[in-house]
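Work through the following exercises with the model at hand, and compare each solution with your own reading of the coordinates.

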Amino acid sequence: MTTLIRTLLAAVSIAIMGSLAFMPAHAGDPRIDAAQKAGTVGERIDGYLGIVDQSVDDATRRRVNEINAQRRALYAKLSKDSGVPVEQVARLTGEKQVANAAPGEFVMGDNGRWTQK
């Protein structure tokens, strides 16, 4: 990886972590926090929330969709500001969200399967 790409990715990573403080997804949304603890919602490696248990209630499903739309918009802004492809911005965030998931929560890795931390 060239030095320029590494520098850009580091800058995007810092920007993402600063922006995540404003993202109403992980800590701070009681419905999502409860769903993650219950194992019905989890973090995906691609930077978005996912439904682990398809029997999740409609209100939680709607909230997951709302949060993912907010994340998508944030990733697009960070991508535009940094010149890094949106997929890479989302992936960097996903890697951090998966790594920071609490023990017992579900995460989805590259294999597309849910695993419990």
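Axes are lines fitted to C-alpha atoms, for helices over the stretch in contact, and angles run from 0 to 180 degrees between N-to-C directions. Helices (H or I, at least four residues) and strands (E, at least two) are DSSP runs, numbered from the N terminus. The model is predicted, so that local features need pLDDT of at least 70 and side-chain atom pairs count only at pLDDT 80 or more, while totals for chains, interfaces and linings use all residues. Residues are numbered from 1 along each chain as its sequence is written, and side-chain values use heavy atoms, with hydrogens and water left out.

**Exercise 1.** Determine how helices α2 and α3 pack.

Solution. Helix α2 covers residues 30-38 and helix α3 residues 58-82, and they pack at an angle of about 110 degrees with their axes 10 Å apart. Angles under 35 degrees count as roughly parallel, over 145 as roughly antiparallel, 65 to 115 as roughly perpendicular and the rest as oblique; α2 and α3 are therefore roughly perpendicular to each other.

**Exercise 2.** Describe the pairing of strand β1.

Solution. Two strands pair if DSSP finds at least two bridges between them. Strand β1 (residues 41-44) pairs with β2 (residues 49-51) in the antiparallel sense over three bridges, and Val-41 stands opposite Ile-51 in β2. Within this hairpin, which has four residues between the strands, Gly-47 takes a positive phi near 100 degrees. Two bridges join β1 to the parallel strand β3 (residues 106-108), where Val-107 stands opposite Glu-43.
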